[in-house]
Amino acid sequence: MFTAAIHFPGAIDPERIDALADTLAALVAGVAAGVVGDAVIAAEHPDDPEVATMAESTGAALAARGRSPWMAAAGLARRPWMLCLEAGDVPAEGWIRVLDRFGATANPEAVGRLRRPHAALFERIAGRREALTGTRQVRAGDLVRVDALRAGLPFRARLPVRPLRGSLLRS
């Protein structure tokens, strides 16, 4: 099972709240399938009433983003693996099967990476390079062990990246 960690960056506005709602709504199928067990929203402004209401109404935990949204979310994660998402990311068809297969077969030291065709060009280039050399940094679209994040993944040796067949779309 996975914890879904959703990074909610920047200022609060209606479009960003809608993007967060789209991401949370897309995860419902994963909850029903038994792949997603809980969710954590890592927000820059966790004290904002709209974000707090969204978290409370969906049962998601709310974390202050801090230095790294993924490390903040890992502190509240209740599952061994974490799916890292940006607000507005919506998993494409077949994502449940991809996560289930990855969780069953993955090396605990590996990072799984879903494609994000909407990501900025430099992120896509860096992601391709990391598929060859390994990574020290977690990105949106990654599946990573919570233990590795809690131990300080960005500062440890590079972990191998396993590109996955699934992808994330943008709402």
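Student: Is D13 buried, partly exposed or exposed?

Tutor: This is a predicted model, in which local features need pLDDT of at least 70, side-chain atom pairs count only at pLDDT 80 or more, and totals for chains, interfaces and linings use all residues. Residues are numbered from 1 along each chain as its sequence is written, and side-chain values use heavy atoms, with hydrogens and water left out. Buried means under 20% relative accessible area, exposed over 50%, and partly exposed in between (1.4 Å probe, protein chains only). Because its relative accessibility is 30%, D13 counts as partly exposed.

Student: Which residue meets D13 in a salt bridge?

Tutor: A salt bridge requires a side-chain nitrogen of Lys or Arg within 4 Å of a carboxyl oxygen of Asp or Glu. For D13 the N to O distance is 3.9 Å, and the partner is R16.

Student: How many salt bridges does a search of the whole structure find?

Tutor: Salt bridges that share partners join D89, R116, E123 and R170 into one network. For the whole structure, the search finds 10 salt bridges.

Student: How many residues apart in sequence are the parts that R113 and E130 tie together?

Tutor: The side chains of R113 and E130 meet in a salt bridge at 2.9 Å, N to O. R113 lies in strand β6 and E130 in helix α6 (residues 121-133), so this pair links parts whose separation in sequence is 17 residues. Helices (H or I, at least four residues) and strands (E, at least two) are DSSP runs, numbered from the N terminus. The separation asked for is 17 residues.

Student: Are D142 and R113 buried or exposed?

Tutor: The side chains of D142 and R113 form a salt bridge at 2.6 Å, N to O. D142 lies in strand β7 (residues 142-145) and R113 in strand β6, so the pair ties together parts 29 residues apart in sequence. R113 has a relative accessible area of 11%. Both D142 and R113 are buried.

Student: Within what arc do the buried residues of α5 fall?

Tutor: In helix α5 (residues 95-105), the buried residues are W95, V98, L99 and F102. Seen down the axis of α5, they line one face of the helix, because they fall within a limited arc, taken from the directions from the helix axis to the C-beta atoms. On the other side of α5, R97, R101 and A104 are exposed. The arc for the buried residues is 95°.

Student: What is the relative accessibility of I96?

Tutor: I96 is found in helix α5. This residue counts as partly exposed, because its relative accessibility is 22%.
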